Amino acid sequence: MNVTIPMIDKAGNAWAGSPPDWIAELASLADRDGLSGAGKRIGYSPAVVSQVINARYPGDLEKVEERVRGALMGLSVDCPVLGDLSRNQCLDWQKKPYASTSAHRVRMFRACRSSCPHSRVKGGVDAER
């Protein structure tokens, strides 16, 4: 008999019985939508979602937390260009490469690399051009 352990239980075991609120939220989503569905929602692979829930993720856990809080828990930031913006969308904008396809895209690229206090981008405006 193959018994599947719910992700919320795995999180409880991995995080010493009391996972942080955002881990519990991610685990609940994974129980509802599967690891693939949860991964799509926060912009990570199913493997990363599993590693995070099981307290084994070797990457930037703070960045995953920001994505979970933005996509699932309503965390927003005050973007200098767009105003109120969910944190996960903010991180998506920061990943976009420079493209002169629209004035808006150029403004976002520059803001994410210079004037935005929420930016995680290292370097200035020319850093990723």
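1. A word on terms to begin with: helices are DSSP runs of H or I with at least four residues, strands are E runs of at least two, and both are numbered from the N terminus. On that basis the protein chain of this predicted model has 6 helices and 2 strands. Read from the N terminus, the order is α-α-α-α-β-β-α-α.

2. On overall dimensions, the C-alpha trace spans about 60 × 25 × 25 Å along its principal axes. The protein chain has 129 residues, of which 33% count as buried.

3. For contacts between residues at least 6 apart in sequence, 41% join residues at least 24 apart. As for charge, there are 18 positive and 14 negative charges, and their mean positions lie 7 Å apart.

4. Please take a look at helix 6, residues 103–113, where Val106, Met108, Phe109, Ala111, Cys112 and Arg113 are buried. What do the buried residues of helix 6 pack against? Their partners are strand 1 (76–79) and helix 5 (87–95).

5. The cavity search gives 2 cavities of 30 Å³ or more, and the largest cavity has a volume of about 40 Å³. Its lining consists of Cys79, Pro80, Leu85, Cys90, Trp93, Met108, Ala111, Cys112 and Cys116.

6. Which element gives the largest share of that lining? Helix 6 does, with 3 residues, while helix 5 and helix 6 each supply at least two. Met108, Ala111 and Cys112 are among the lining residues, and these residues of helix 6 are also buried.

Terms used:
Residues are numbered from 1 along each chain as its sequence is written. This is a predicted model: local features need pLDDT of at least 70, side-chain atom pairs count only at pLDDT 80 or more; totals for chains, interfaces and linings use all residues. Side-chain values use heavy atoms; hydrogens and water are left out. Buried means under 20% relative accessible area, exposed over 50%, partly exposed in between (1.4 Å probe, protein chains only). Contact means heavy atoms within 4.5 Å. Lys and Arg count as positive and Asp and Glu as negative; His and the chain ends are not counted. The place of a charge is taken as NZ of Lys, CZ of Arg, CG of Asp or CD of Glu. On a 1 Å grid over the protein atoms alone, a cavity is a set of points where a 1.4 Å probe fits but cannot get out, and a pocket is an open set with protein on both sides within 12 Å along at least five of seven lines; lining residues have an atom within 4 Å of a point. Grid points are joined across faces, edges and corners, and a volume is the space filled by probe spheres set on the points.
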